[in-house]
Amino acid sequence: MKIFLLLGSVNAFLSVALGAFGAHYLKQKLTPDKLDVFHTGVQYHMIHALGLILIAILSDKLSNSSLVNASGWAIFIGIVLFSGSLYALSLTGLKIFGPITPLGGLSFLVGWMLIAIAAWK
């Protein structure tokens, strides 16, 4: 499960970089509402990057590796869809990105539920 350790650490790095970008550069470029949307993306990005690192650690501890593996991919897809759509929405103002966000949230939910099921088994 080194892939999830790699994905988690790269996404944690990106989250910090994007957070700094938002705080220092976008603060003067975006409206407060759009900046809030961007920051929500950063917050969920970091939380789920840490989740990927946790999944990498849990893959050693839980015997049901297929569920753990699926949870990692669901969380990663959630980062791309949820945080990615919020970044795109805030930076472009295009409403077309809005409907993508809930799909990312659903992917997060699936990922966390798969971890719960793996722990239960």
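Modeller: Val-10 has a relative accessible area of 40% and is therefore partly exposed, a class that lies between buried (under 20%) and exposed (over 50%), with a 1.4 Å probe and protein chains only. The model is predicted: local features need pLDDT of at least 70 and side-chain atom pairs pLDDT 80 or more, while totals for chains, interfaces and linings use all residues. Numbering starts from 1 along each chain as its sequence is written, and side-chain values use heavy atoms, without hydrogens and water.

Val-10 sits in helix α1; helices are DSSP runs of H or I with at least four residues, strands are runs of E with at least two, and both are numbered from the N terminus. Together with Ile-3, Leu-6, Phe-13, Leu-14, Trp-73 and Ile-77, Val-10 makes a nonpolar surface patch of about 650 Å². Two or more residues of the patch come from each of α1 (2-24) and α3 (65-92), and α1 gives the largest share, five residues. Patch residues have over 30% relative accessible area and no salt bridge, and nonpolar side chains (Val, Leu, Ile, Met, Phe, Trp, Tyr) are joined within 5 Å, like charges within 9 Å. A salt bridge is a Lys or Arg side-chain nitrogen within 4 Å of an Asp or Glu carboxyl oxygen. Areas follow the Shrake-Rupley method with a 1.4 Å probe; for residues, only the protein chains shown count as cover.

Of the 121 residues, 40% are buried.
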